[in-house]
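Please work through each task before reading its solution.

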Amino acid sequence: MENILKTVDITKKFSKKVAVSAVNMNIKKGDIYGFIGRNGAGKTTLIKMLVGLSQPTSGSIELFDSKNLNKARRKIGTVIEAPAFIPHLSARQNMLIQLTLLGSKDKSIIDETLKLVGLDNVGNKKVKKFSLGMKQRLGIAMTLMGEPEFLILDEPTNGLDPEGIIEIRQMLKKLNQEKGLTILISSHILGELSKLATRYGIINDGVLIDEFTEQELTERCQSSLIVKVNDINKACEILKSELNTDRFSVLNENTLEVFDFVDNPGKVNSILAKNDIIIDSISKKSVDLEDYFMKVIG
């Protein structure tokens, strides 16, 4: 699969402070890459280096399997922090100015793009009267005018209400699936990101400490049953002999974590009880992206 982005030991120092430290990031064509980190972890600093707004102290960047970054960056669309508009103009008028700046005369792309982001029915409404979600969609629409292959969005759902967040998520999925856009999204709204991303990177204190796929996240965040019993050894034997599973682990002298039968805890309860094992408690443990993130960063 084609590499859209590859960084090798990319580092950024400000005086004595290391903001980004030896990051090796890999994004493949078609990925929706969820870039996760707390405020100040280095997300925006790294993104600014990728798009050429800041120069690395050391390390290298490849875009579209090329080290010719000036040419490759023409294929990138970026919205960092807040999109910029002329507030007293309409969405279409702002788009027309963007089209002129790009040196294009094909005005049909304006209506096509506004429809793509769900802003085809706003008429002459001034941008200053738009909701935050509408402004975010317009910002993305303006960067799409350059027909990018790689979209980089820094906190695109920051400050949005739940409805606005859902709208942005649906739009990005559509761009990925229908237009084939590869997308990097930095965000700290992890529950929402988990509904969208196909690949993840976690950055903490400037260090990329983990990179994993959607499938790997599912495996790492699998749900389980926490079972407290009076006889841990006998319970293990029963799980193997009568429930035919070895997918469990011993947490302490009276607690098991069972990874099968998560949706049928009654079966585990009844089999153990039938074999004269006293169950003090049985509960379901669910792990999501936010839990995993907190675990990884300690």
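**Exercises on a predicted model**

The structure is a predicted model. Lys 75 lies in the loop between helix 2 (69-72) and strand 6.

**Exercise 1.** Determine whether Lys 75 is buried, partly exposed or exposed, and identify the surface patch that includes Lys 75.

*Solution.* Step 1: the relative accessibility of Lys 75 is 31%.

**Exercise 2.** Locate Ile 86 and name the residues of its nonpolar surface patch.

*Solution.* Step 1: Ile 86 is placed in the loop between strand 6 (76-79) and helix 3 (91-101). Step 2: with a relative accessibility of 31%, Ile 86 is partly exposed. Step 3: the nonpolar patch consists of Ile 86, Ile 97 and Leu 101, which together have about 270 Å² of accessible area.

**Exercise 3.** Describe the side-chain contacts of Asp 210 and the setting of this residue.

*Solution.* Step 1: Asp 210 belongs to strand 10 (residues 207-213). Step 2: its relative accessible area is 16%, so Asp 210 is buried. Step 3: the side chain of Asp 210 makes polar contacts with the side chain of Arg 220 at 2.9 Å and with that of Tyr 292 at 2.7 Å. Step 4: a salt bridge requires a nitrogen to oxygen distance within 4 Å. The closest N and O atoms of Arg 220 and Asp 210 are 2.9 Å apart, and the two residues form a salt bridge. Step 5: this pair links distant parts of the chain, with Arg 220 in helix 8 (residues 214-220) and Asp 210 in strand 10, ten residues apart. Arg 220, at 35% relative accessibility, is partly exposed.

**Exercise 4.** State how many salt bridges the model contains, and examine the pairs Arg 137 with Glu 167 and Lys 284 with Asp 263.

*Solution.* Step 1: the count is ten salt bridges. Step 2: Arg 137 and Glu 167 meet in one of them, at 3.1 Å from N to O. Arg 137 in helix 5 (residues 132-144) and Glu 167 in helix 6 (residues 162-179) are 30 residues apart. Arg 137 is buried at 10% relative accessibility, whereas Glu 167 is partly exposed at 27%. Step 3: Lys 284 forms a salt bridge with Asp 263, at 3.6 Å between the closest N and O atoms. Lys 284 is in strand 14 (residues 279-285) and Asp 263 in the loop between strand 13 (255-258) and helix 10 (265-274), so the pair ties together parts 21 residues apart in sequence. Lys 284 is partly exposed at 48%, and Asp 263 is exposed at 72%.

Terms used. Residues are numbered from 1 along each chain as its sequence is written. This is a predicted model: local features need pLDDT of at least 70, side-chain atom pairs count only at pLDDT 80 or more; totals for chains, interfaces and linings use all residues. Side-chain values use heavy atoms; hydrogens and water are left out. Patches are made of residues with over 30% relative accessible area and no salt bridge: like charges are joined within 9 Å, nonpolar side chains (Val, Leu, Ile, Met, Phe, Trp, Tyr) within 5 Å. Accessible areas come from the Shrake-Rupley method with a 1.4 Å probe; for residues, only the protein chains shown count as cover. A salt bridge is a side-chain nitrogen of Lys or Arg within 4 Å of a carboxyl oxygen of Asp or Glu. Helices (H or I, at least four residues) and strands (E, at least two) are DSSP runs, numbered from the N terminus. Buried means under 20% relative accessible area, exposed over 50%, partly exposed in between (1.4 Å probe, protein chains only). A polar contact is a pair of N or O atoms within 3.5 Å; within protein, one must be able to donate a hydrogen and the other to accept it, and residues adjacent in sequence count only if both atoms are side-chain atoms.
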